[in-house]
Amino acid sequence: MPITYKINTDLPLESAIDLYVSSTLGERRPVDDRACVQKMLSEADLTITAWDGDLLVGISRSLTDWCYCAYLADLAVRDTHQRQGIGKELIRRTQAELGKKAHIVLLAAPKAVDYYGHIGMEHHASAWILRATSRLTD
Ligand SMILES: CC(C)(COP(=O)(O)OP(=O)(O)OC[C@H]1O[C@@H](n2cnc3c(N)ncnc32)[C@H](O)[C@@H]1OP(=O)(O)O)[C@@H](O)C(=O)NCCC(=O)NCCS
């Protein structure tokens, strides 16, 4: 069955959590905090999903201003469907929706450090994080 793609469609919480866990991205996302995952889904600006029939097999979830930049917060493909071009297609469609001038930025998960360069993205050596548990210096 061909993979179909949807933009900002209603996403059942359980399906999304199941996908995050299956892809292994769930190890690095707060999947045990259902309220947080619900908010991650409802407050995203652009969510593109991939479907194999009724089965959710991929997600690209971004926060964006639609003109300058987009933070691609989550990219995940179900374990059974990885390396079939779905991740790349999700990013292609994300870029197409953002318009011509918006940059996409993201932080690669350890398992995907080589992925983004492989598909043509540019490595940026100066990404910075202020973790929720950290504070700025005085
Ligand atoms: C990383 C991930 C999103 C890639 O999606 P995917 O649909 O499996 O990958 P694609 O089919 O788009 O792969 C495109 C190309 O990248 C390669 N590739 C896939 N995963 C890769 C990886 N982890 N590292 C390096 N190359 C990878 C594929 O072999 C393919 O190469 P080719 O075009 O030369 O044949 C997916 O494997 C995944 O969900 N991984 C676990 C969760 C994760 O780490 N997500 C990223 C969060 S930042």
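1. Tyrosine 5 first. Setting aside neighbours within four places in sequence, tyrosine 5 touches Ile48, Thr49, Ala50, Glu89 and Arg93, where contact means C-beta atoms, placed from the backbone, within 7 Å. Tyrosine 5 belongs to strand β1. It counts as partly exposed because it has 16 C-beta neighbours inside 10 Å; on this scale 20 or more other C-beta atoms within 10 Å make a residue buried, 12 or fewer make it exposed, and anything in between is partly exposed, again with C-beta atoms placed from the backbone. Its C-alpha atom is separated by 9.9 Å from that of valine 57, 52 residues apart along the chain.

2. A word on what we are looking at. This is a predicted model, in which local features need pLDDT of at least 70 and side-chain atom pairs count only at pLDDT 80 or more, while totals for chains, interfaces and linings use all residues. Residues are numbered from 1 along each chain as its sequence is written.

3. The overall layout: four helices and five strands, running β-α-α-β-β-β-α-β-α from the N terminus on. Helices (H or I, at least four residues) and strands (E, at least two) are DSSP runs, numbered from the N terminus.

4. Now the sheet. The five strands form an open sheet in the order β1-β2-β3-β4-β5, with mixed pairing. β1 (4–7) and β5 (103–105) are the edge strands, each pairing on one side only. From one strand to the next the twist averages 25°, with axes as lines fitted to C-alpha atoms (for helices, over the stretch in contact) and angles from 0 to 180 degrees between N-to-C directions.

5. Strand by strand, then; two strands pair if DSSP finds at least two bridges between them. β1 and β2 (residues 46–52) are antiparallel over four bridges, and threonine 4 has tryptophan 51 in β2 as its bridge partner. β2 and β3 are also antiparallel, over seven bridges, with threonine 47 bridged to arginine 61 in β3. The β2 and β3 hairpin has two residues between the strands, and glycine 53 there takes a positive phi near 65°. β3 (residues 55–64) and β4 (residues 69–77) pair in the antiparallel sense over seven bridges; glycine 58 stands opposite valine 77 in β4.

6. On the ligand: which residues are closest to it? They are Gln82, Gly87, Lys88, Ala109 and Ala112, out of 21 residues that surround the ligand, a residue being near if its C-beta atom, placed from the backbone, lies within 6 Å. β4, α3 (86–98) and α4 (115–118) are the elements giving two or more residues to this shell. The shell divides into ten nonpolar, seven polar and four charged residues; Ala, Val, Leu, Ile, Met, Phe, Trp, Tyr, Cys and Pro count as nonpolar, Asp, Glu, Lys and Arg as charged, and the others, Gly among them, as polar.

7. Arginine 28 sits in the loop between α1 (13–23) and α2 (34–43). With 13 C-beta neighbours inside 10 Å, arginine 28 counts as partly exposed. The C-alpha atoms of arginine 28 and proline 110 are separated by 9.8 Å, though 82 residues apart along the chain.

8. Finally, the whole protein. The C-alpha trace spans about 55 × 35 × 25 Å along its principal axes. Of the 138 residues, 22% count as buried.

Terms used:
Two residues are in contact if their C-beta atoms, placed from the backbone, lie within 7 Å.
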